[in-house]
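Here's a quick look at the salt bridges, a sheet and a pocket in this chain.

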Amino acid sequence: ATVRADGSSRFAPEHRWGIFPSAALGWKIKETFLADVNAINDLKLRLGYGVTGNMPGDHYLYLMRVAPGGDYLWSNGAFIQPWGPSSNVNESLRWEEKHEFNLGFDFAAFNHRFSGSLDAYFRNTTDLLWEYNVPMPPNPFGTKWDNYGQIHNYGVELLLNGVLMETKNFKWDLGFNFTYNENKIIRLNTGEDETPIPTGGISNGTGNTIQRHAVGLPTSSFYVYETGMGTRDNGEKYYYVVDRNEDGQINNDDKYCAGDANPDFYYGLNLKLSYKNWDFGFNGHGSFGYKVFNDFASNHSTAYFDVNAGNLPNFATAVKRTGFTQISGDYQFFSDFYLENASFFRMDDINLGYTFKEIGNWEGNIRVAASCQNVFVITNYSGIDPEVNSADGVDRSFWPRPRTYSVRLNINF
């Protein structure tokens, strides 16, 4: 058991210190009840509880800081760089705390040829730190850091490793990991009605968002318009925004929660084969059961501006599928048409090698190997990559991951 007291000048003096206790208990079941069972080499039960803290990534966010910004001013024969507010005052800003309970088993069997662990956890995160948009005025700056609520996470983690086959010249190792996680927002510090917090900014417009944090839902839930498909008299298909509440108009009341950016589970797989002097292996991972908003396709979903300007532009292929041409209503930019299932499996790397041994009287060896990274991805996502480089699951377009081929030579003396 331990107790930590951490202090940080990133908080106001009255909230500067946090107390973080932890405790763990282990029981070696193998030594108690299974000492005579030779097939089981190890079996251990673990129980743990701990509190950890998190703080903002920048300094003095509880104060109103100033920074250079805006257009230069001409005064007394010289240009002057203006300064202005870069944060809002919030002296109640305090440590984010994560309280976690963990129950787990470690095991090994058959002369340690098979081993692994199984963990179940419950995580209660309180006083979540978050930067969100605020109106100007009365605020001097457009965003504010605050402790906005409480989230529950719970799940299961499984790790398995095994030697599936082993002879004098051949060995086959296989590893697998699996993580299942659910999360739910329990509380928001946004007033008595716990008003949802907009998040997940998109490219079209200024300050537009495609997600929100709301009590009872997972974090980063997508809040979008439903898209319906109809058929014209000539048989042509077209898309339209559905008036879900049937009040004769399209507005925010017609939006609905259409999933979130949190995978239901993650998994990974690794394999290694060796035969005499040859060795072969690969590593892969994937996620299942989550959504990604294709912001690039959404932002280029209309041909209205360019067609009417007489230009010959490059369109996103989604324009041909949807037929969106009107810009007077921006409903298509918030459409679930661009919300996609991003489940995937990625082959991270494949490698093949050969080791030259017993070269004459030399006691060293030489290994030659070739490998490929980012080999392939299996997914139905239409964007560049289902693993978007943003935590909120909004694909704002990013530089593609390269595929790398390499050849290595290792000499051991």
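## A buried aspartate

In this predicted model, Asp-279 counts as buried because its relative accessible area is 11%, under the 20% cut-off. Asp-279 makes a salt bridge with Arg-367, with the closest N and O atoms 2.5 Å apart. That pair ties together distant parts of the chain: Asp-279 sits in strand 21 and Arg-367 in strand 25, 88 residues apart.

Asp-385 is in the loop between strand 25 and strand 26, and it reaches Arg-346 in strand 24, 39 residues apart. The closest N and O atoms of this salt bridge are 2.6 Å apart, and both residues are buried.

Asp-385 also meets Arg-401 in a salt bridge, at 2.5 Å from N to O. Through shared partners, salt bridges join Arg-346, Asp-385, Glu-387 and Arg-401 into one network. The total count of salt bridges comes to 13.

Strand 22 runs parallel to strand 26 over two bridges, and Asn-294 has Asp-395 as its bridge partner in strand 26.

## The largest pocket

The largest pocket holds about 370 Å³ of space. Its lining has 19 residues, with Ala-261, Asn-262, Pro-263, Tyr-266 and Ala-391 nearest the centre. By class, the lining splits into nine nonpolar, eight polar and two charged residues. Strand 12 and strand 13 each supply at least two of the lining residues.

Conventions
Residues numbered from 1 in each chain as written. Predicted model: local features only at pLDDT ≥ 70, side-chain atom pairs only at ≥ 80, totals over all residues. Heavy atoms only, no water. 1 Å grid on protein atoms, 1.4 Å probe; cavity = no way out; pocket = protein on both sides within 12 Å on 5 of 7 lines; lining within 4 Å. Points joined across faces, edges and corners; volume = space filled by probe spheres on them. Helix = DSSP H or I, 4+ residues; strand = E, 2+ residues; numbered from the N terminus. Nonpolar A, V, L, I, M, F, W, Y, C, P; charged D, E, K, R; others polar. Pairing = 2+ DSSP bridges. Salt bridge = Lys/Arg side-chain N within 4 Å of Asp/Glu carboxyl O. Buried < 20%, exposed > 50% of the residue type's maximum accessible area, 1.4 Å probe, protein only.
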